[in-house]
Every structure is written in C-alpha cells, then in structure tokens.
Amino acid sequence: MESEEPAPATVATVTAEQTHAPRLTSLSPGAGCACKLPLAKLEQLFAGLQGAPAMGPAAGDLLVGAAEGDDAAVLRLDDERALVLTTDFFTPIVDDPADWGRIAAANALSDVYAMGGRPLFAVNLAAWPGEGLDLAILGQVLRGGAEVAAQAGCFVAGGHTIDDPVPKYGLAVTGLADPARLMTIDRAAPGDQLILTKAIGTGVVATALKRGQAPEDVITAAVASMTLLNAGASQAALQAGVIAATDVTGFGLLGHLHRMLTASQAAARIHAASVPLLPGAAELARAGFISGGTRANTERMRGFATVDPAVPAEVAVLLHDAQTSGGLLLAAPPAAAPALLDTLRAQGLPAALIGDIVAGDSGHVDVYPARSE
C-alpha cells in the first residue's frame, strides 16, 4: 500500500449495512487479541529458535530484543534516544469498521507506551478479502486507525495490504524513548505495588458480541476502554519512577503478570476484589461467553496461578480473559504508588492497586478474594 491519499468523502459514510456486507465479527473464528496463538505454543516456538541468528539476548545497542519477550524491541541511538519498534494486528473484534480500526491502532500503540516511549510514526498492516467484501469498509477501518494515531501524535505513513479471506488490521509502530528511563518486564522487585490502569473483560464482551448477545451499553463501555490510549498512564508511570511494566492483552491479566514475574524472578499476590471489571463483564463471564484464547490462557496458567476457592468463578475467568487494548500493569515502588494512583484517577482512569510483588517461586501468582486488613 502506498501512502494513503485523502479518500473520497463517500468512503467515510458507507456502512456495512449499506454495502450489505456480513457482520465483520462473523468473518473470523477469533476476535481481537483472542486470535493470538496460545502462549504455550509461542513459548515452544521461541525455545526452538534459541541460537538462531539475531534471536539471542540483547547486547550492545540492542537493549531489548526477541529473547527478552518484552512488549517491544528497543535500539539505543545515543545516550538520550532509543528507538522502540513493535507490531500488532488482529481479526475484527467489533462490527463497526471505524471502531475496529481505532481499537487495533490503540492496541498497537500501547506496546510503545508500555516501554515508556512515545509513538513517532506507523505503517498499516491489512489483510482483506479481494472479492466479496467492499473495499469501502476497509477505508473506514484505515480512517479509524489514522484517527487514533493522530491523537497519539503519530504519523501513519503508508503500509501493506494482502488478499486474505479473513480480514485483519493493525500497525507496525516506531517510537522514541529515553534509554535511561525504559520500563521493561524484568525489573519488578519484591515490595513493588501492582497497579492496573484499565478494567478487564473485553474478551467476554467480544465473545458475546460475536454471538449477538452483548447489550449495547456493555459494548459501548468496552469500545471506549479499548480505544483509550495508554499515553497518559505511561507518562504518569515514568514520572513516578516506575521501571517495570507491561500492557495487558491476549494472554490475560494473569498471563502477562506471569511473564513479568518470570523475567523478574519473583512472585505476586493479587486481590481479586480490587481488580476493576468492565460493566457487564462479570455477568457475561457467568453466562459462559468465554473465548478459546481465554481457555488457552487458563490452561497455560495451571501450576503457575493458585486461585483461592472463595474467589467467584466468573472473576477467576476474567483474570484469564484474553484482553484487547487493555491497560498498563505497573510495578510501582511502594513510596510512589499512592501518588501515582491519584494521578491516574485524576486522568479519569479506573486505576486500582490490585496486589504486590513478593519473593517466591519465579512466575507464580497467588490470587486471594480481597486484601487482608
């Protein structure tokens, strides 16, 4: 795809109904980040690539590479600048094309924010059925993505499109960070307080939407969360001195926390009652709207997560729920955590202190019903 020229005004007004297109979510077995390959399979894949050229541990000016398994790669340019590079794309998570584009763009940009960077520019990645699905709908997807990128101050400079029976969209993003102020997954330490900046539950909402069973107000709340950039949360974390962070996407809250703990050689405690949930998410989880990605996450975390039987079953599901464009999970120094929480909440975020990092078996999470007083 060449750099996009302004499209005719009619593109922005064409809807799926007007073109008699099928619901976008009906065109894929997965939805959003739930279409990721399971974590267990990815771990096996990358274990087999150890020793391959350019796949080893970061060294020299490559500060974060493939072996580190972080949210993005980081290449130092000099003492004050480092490039942050990431890519993310997925199948339709909602039926509105512009909303899908906005969600996918926010999700891709989030990896840069999770590293403490700011996005500079991006290129589109798109797969689209060459026959049978109007290209005007793809135009709406691209416009939605460009809208959110513009909010981030990020240029969208072209991209690449292929013919594919299953639609997919996302971005490859390049950002800039201070190499001395990176946030990475391997620097959480016992005593750190775990802060989550967005509510969870997008996976069950997307699954219910795909089956035509999600209430409109629940969809609206989930879309608002997924299209909200993590820019403000990232900046607040940097100012508070946070050095360990990740964003919560397809592997679920517990899966992404597990990856942070394994990299940091630490354990954690989570207080389930403190974890913010999207409106309607608990009810949908209770009704059984559980994605294949969430089931894979639950299976992967067996042996790494001990969930107290007193934790409600639907909440246990949501802790594994495959998220799309979720919030940042921050390991904050205990002295900085209260002020950081106040700053995040002042931004209108449903940020919450959900647990803490402790010494223990590397990668293990204990989930309790509520914080003990």
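Is L75 buried, partly exposed or exposed? L75 is partly exposed, because its relative accessible area is 39%, where buried means under 20%, exposed over 50% and partly exposed in between, with a 1.4 Å probe and protein chains only. The model is a predicted one, in which local features need pLDDT of at least 70 and side-chain atom pairs count only at pLDDT 80 or more, while totals for chains, interfaces and linings use all residues. Residues are numbered from 1 along each chain as its sequence is written, and side-chain values use heavy atoms, with hydrogens and water left out.

L75 lies in strand 2, residues 73-76 (helices, H or I of at least four residues, and strands, E of at least two, are DSSP runs numbered from the N terminus). Together with L62 and L77, L75 forms a nonpolar surface patch whose accessible area is about 230 Å².

A search of the whole structure finds 1 cavity of 30 Å³ or more, a cavity being a set of points, on a 1 Å grid over the protein atoms alone, where a 1.4 Å probe fits but cannot get out.

Charged side chains form another part of the picture, with a count of 9 salt bridges, each defined as a side-chain nitrogen of Lys or Arg within 4 Å of a carboxyl oxygen of Asp or Glu. In one of them D78 meets R81 at 2.8 Å, N to O; D78 is partly exposed at 29% relative accessible area, and R81 also counts as partly exposed, at 40%.

Another salt bridge joins D99 and R102, whose closest N and O atoms are 2.6 Å apart. Both residues lie in helix 3 (residues 97-114), 3 residues apart, which is about one turn of the helix. D99 counts as buried, because its relative accessibility is 19%, and D99, R102 and E147 are linked in a network of salt bridges.

The side chains of E314 and R286 also meet in a salt bridge, at 2.9 Å, N to O. This pair links distant parts of the chain, with E314 in helix 11 (residues 313-320) and R286 in helix 9 (residues 281-286), 28 residues apart. E314 is buried, with a relative accessible area of 16%, whereas R286 is exposed, with 52%.

Terms used: Patches are made of residues with over 30% relative accessible area and no salt bridge: like charges are joined within 9 Å, nonpolar side chains (Val, Leu, Ile, Met, Phe, Trp, Tyr) within 5 Å. Accessible areas come from the Shrake-Rupley method with a 1.4 Å probe; for residues, only the protein chains shown count as cover. On a 1 Å grid over the protein atoms alone, a cavity is a set of points where a 1.4 Å probe fits but cannot get out, and a pocket is an open set with protein on both sides within 12 Å along at least five of seven lines; lining residues have an atom within 4 Å of a point. Grid points are joined across faces, edges and corners, and a volume is the space filled by probe spheres set on the points.
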